[in-house]
Amino acid sequence: MNPGDIVPLSFNGGLVALSFLTAVLGSYVALLAAVGIRTETQDGEIRIGYILIGAVAMGGVGIWSMHFIGMQAQDLPFEVGYQVGLTILSFFVAAGFSGWAFWYVGRDRFTFLRCLVGGVAAGLGVAAMHYLGMGAMRMPAVLIWNLPIVVLSVFIAVVAAAAALWLAFNTQNEFQRAGAAILMAIAVCGMHYTGAAAGTVICTAPRDFSSLQIGGLMLPYIAFVLSAVVLLIMRWQLQRASNRFRVRMAQRIDSFIDSAPTSDPGKLPGSTVGPG
């Protein structure tokens, strides 16, 4: 294409599906972490480990990894690289805001207001991550932004984040968690691809970028494999933590039973024993 040409908006269907699968897997592990946050909160213990897992699963994999796979899904007539500094910053923005939202909502009794505040914060973090990631693109083109669609994408991000938090703290079983993970993935992908549609790609003359970059056709597949490995490790850690919690609860129940006073079977309640 020549400088000044507008690149039509189109996507690789296979990579779009891969980005959706990544969002589903990340959302599911984040939902499992939220179960641990609730349980440990009721038990009165520090839940920072569950919050970190939820932050990485939701923000780092379900949103951030999905985002970069989705960016590679857009059909462009040239190779695209990503500036490393902004790419890393976008990861910490996504994971950090997600972690704060999990902490804020999970530290006390669940209410709609807490969910809304956490959703606004997480949604703004997701939007910031998305546009930081777009800003990290290095290509012979410029992006012209459509402001109403940008605002729409931010609104979707906030609504999606609030819905994700509500689902995270209100699912009761595996069937509900699986359905919730799919709904969360639909919301996350909806935000991403709305944001992608907000930027019109206009070709320019080739440009030289001196900063360190990552890229290549294998990037989305590498991102997916690494994300899957990280999620498997976190799922294993959650299972171990769940087993330890059950053991502690069983020990406390046994201790309570052992310490309970026992009555003398030969003595009726309220009876007295006089001198023989």
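Helix 3 covers residues 84-106 of this predicted model. Its 23 residues should span 33 Å at 1.5 Å a residue, and its end C-alpha atoms are 33 Å apart, so the two values agree. The expected span is 1.5 Å times one less than the number of residues in the helix. Helices here are DSSP runs of H or I with at least four residues, strands are runs of E with at least two, and both are numbered from the N terminus. Glutamine 83 caps the N-terminal end of helix 3. A side-chain oxygen of glutamine 83 lies 3.1 Å from the backbone nitrogen of glycine 85.

Residues are numbered from 1 along each chain as its sequence is written. Local features need pLDDT of at least 70 and side-chain atom pairs count only at pLDDT 80 or more, while totals for chains, interfaces and linings use all residues; side-chain values use heavy atoms, with hydrogens and water left out.

The chain contains seven helices and five strands. Along the sequence they follow the pattern α-α-β-α-α-β-β-α-α-β-β-α. Of the 276 residues, 45% are buried. Buried means under 20% relative accessible area, exposed means over 50%, and partly exposed lies in between (1.4 Å probe, protein chains only).

Helix 6 spans residues 174-197. Its 24 residues should span 34 Å at 1.5 Å a residue, and the end C-alpha atoms are 34 Å apart, which agrees. At the start of helix 6, a side-chain oxygen of asparagine 173 comes to within 3.2 Å of the backbone nitrogen of phenylalanine 175. The structure holds one salt bridge. A salt bridge is a side-chain nitrogen of Lys or Arg within 4 Å of a carboxyl oxygen of Asp or Glu. Glutamate 174 and arginine 177 form this bridge, with their closest N and O atoms 2.9 Å apart. The two residues are separated by about one helical turn because they are three residues apart in helix 6. Glutamate 174 is partly exposed, at 39% relative accessible area. Arginine 177 counts as buried, at 9%.

Serine 19 lies in helix 1 and is buried, with a relative accessible area of 0%. The side chains of serine 19 and tyrosine 193 are joined by a polar contact of 2.9 Å. A polar contact is a pair of N or O atoms within 3.5 Å; within protein, one must be able to donate a hydrogen and the other to accept it, and residues adjacent in sequence count only if both atoms are side-chain atoms.

Several pairs of residues can be followed across the chain. Isoleucine 37, also in helix 1, is buried at 0% relative accessibility. Its C-alpha atom is separated by 9.8 Å from that of valine 105, 68 residues apart along the chain. Helix 5 holds alanine 162 and leucine 167. Alanine 162 is buried, with a relative accessible area of 16%. Leucine 167 counts as buried at 16% relative accessibility. Leucine 167 and alanine 181 are 14 residues apart along the chain, and their C-alpha atoms are separated by 8.5 Å.

Strand 3 (residues 141-145) and strand 4 run antiparallel and are joined by five bridges. Two strands pair if DSSP finds at least two bridges between them. Tryptophan 145 has glycine 199 of strand 4 as its bridge partner. Strand 4 covers residues 199-203. Its covered face consists of Gly199, Val201 and Cys203, and its uncovered face of Thr200 and Ile202.

The largest nonpolar core has 67 residues. Such a core is a set of buried Ala, Val, Leu, Ile, Met, Phe, Trp, Tyr and Cys residues joined through side-chain atoms within 4.5 Å. Leu76, Phe78, Phe102, Met137 and Met139 have the most contacts inside it. Elements giving two or more residues to this core include helix 1, helix 2, helix 7 and strand 4. Helix 2 provides the largest share, 13 residues.

An unreviewed UniProt entry lists seven stretches as "transmembrane region", among them residues 112-132 and 181-202. UniProt positions are in the numbering used here, feature names are shortened, and annotations may be inferred rather than shown by experiment. Residues 112-132 are 100% helix and 0% strand, with end C-alpha atoms 30 Å apart. Residues 181-202 are 77% helix and 18% strand, and their end C-alpha atoms lie 36 Å apart.
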